[in-house]
Amino acid sequence: MQSNETSKNLDASVIADKIRAVFDETSQRRTRTRELIEKRLVELATSGADFTIDDLWQAMRQEMPRLGRATVYRALEKLVNMGLLGRIEFADGTHHYRVCGDRHHHHLTCTQCHCVVELDVCLPEDQFAAIGNQTKFDIEGHSLTLFGRCEDCRNQQEPATTL
Ligand SMILES: [Zn+2]
Ligand SMILES: [Zn+2]
Ligand SMILES: [Zn+2]
C-alpha cells in the first residue's frame with residue numbers, strides 16, 4: 001500500500017504527550033488503567049488503525065483481566081471530548097475510534113468493509129456564516145462524514161454469482 005500525505009501516521013511521542021496532558025488536565029490519577037490506555041493508544045496512533053471499544057477492551061484485558069468495559073469507555077469518551085480521538089460514524093449507525101490528531105479534517109467511510117479515509121476537505125467558511133445567518137444560529141462546530149463503497153469492495157462484487 002502506498003501511503004500518501006493525508007494518511008501519514010502521527011508522531012507517537014507527540015500523541016503520547018497529548019494523551020498524558022489530557023488525563024492530567026482532568027486530574028485523573030496516574031493509574032495502571034490509564035498507563036495501559038496511553039500505551040495502547042500510542043500503538044494505535046503509530047499504526048494508524050481505527051478500532052472499536054471492544055477491540056481496545058479485549059486487548060487491554062490480556063494484561064488486566066478484571067478491567068471493566070465502562071472504564072475504557074469513559075477514558076475514550078474523555079479523549080474524544082478533548083479532540084484527541086476521532087469518533088467515526090458509519091452509515092449503519094456503528095462507530096469506530098481513531099487517533100486522529102488535532103488537524104481539522106473529515107472522514108470517508110466504506111459502507112461495506114468499514115475502511116476509513118481521512119479527507120482534507122471542508123465547507124468554505126462563508127458557507128457556515130451563511131447558514132448561521134439564515135437559521136439565526138451561532139454555529140459552534142460541525143461534523144461531516146461521507147459514505148460510499150471502496151474500490152476493493154466494488155471489485156469483489158464484480159463476478160456475478162449464480163445461486
Ligand atoms: Zn481522522
Ligand atoms: Zn470497502
Ligand atoms: Zn470541516
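Helices (H or I, at least four residues) and strands (E, at least two) are DSSP runs, numbered from the N terminus. The model is predicted: local features need pLDDT of at least 70, side-chain atom pairs count only at pLDDT 80 or more, and totals for chains, interfaces and linings use all residues. Residues are numbered from 1 along each chain as its sequence is written.

The largest nonpolar core has 18 residues. A nonpolar core is a set of buried Ala, Val, Leu, Ile, Met, Phe, Trp, Tyr and Cys residues joined through C-beta atoms within 7 Å. A residue is buried if 20 or more other C-beta atoms lie within 10 Å of its own, exposed if 12 or fewer, and partly exposed in between, with C-beta atoms placed from the backbone. Leu-41, Ala-45, Leu-76, Leu-85 and Val-99 touch the most other members. At least two core residues come from each of α1 (12-25), α2 (32-47), α4 (69-81) and β3 (95-99). The most, six, come from α2.

Three strands form an open sheet in the order β1-β3-β2, with antiparallel pairing. Two strands pair if DSSP finds at least two bridges between them. The edge strands are β1 (50-51) and β2 (85-89); each has a single partner strand, so one side of each lacks a neighbour in the sheet. Two bridges join β1 to β3. Asp-50 has Arg-98 in β3 as its bridge partner.

Two non-glycine residues have positive phi. His-114, with phi near 65 degrees, lies in the loop between β4 (106-110) and β5 (116-119). His-114 is partly exposed because it has 18 C-beta neighbours inside 10 Å. Lys-136 has a phi of about 55 degrees and sits in the loop between α5 (125-135) and β6 (145-148). Lys-136 is exposed, with 6 other C-beta atoms within 10 Å.

Note on methods
Chains lettered and ligands numbered in written order.
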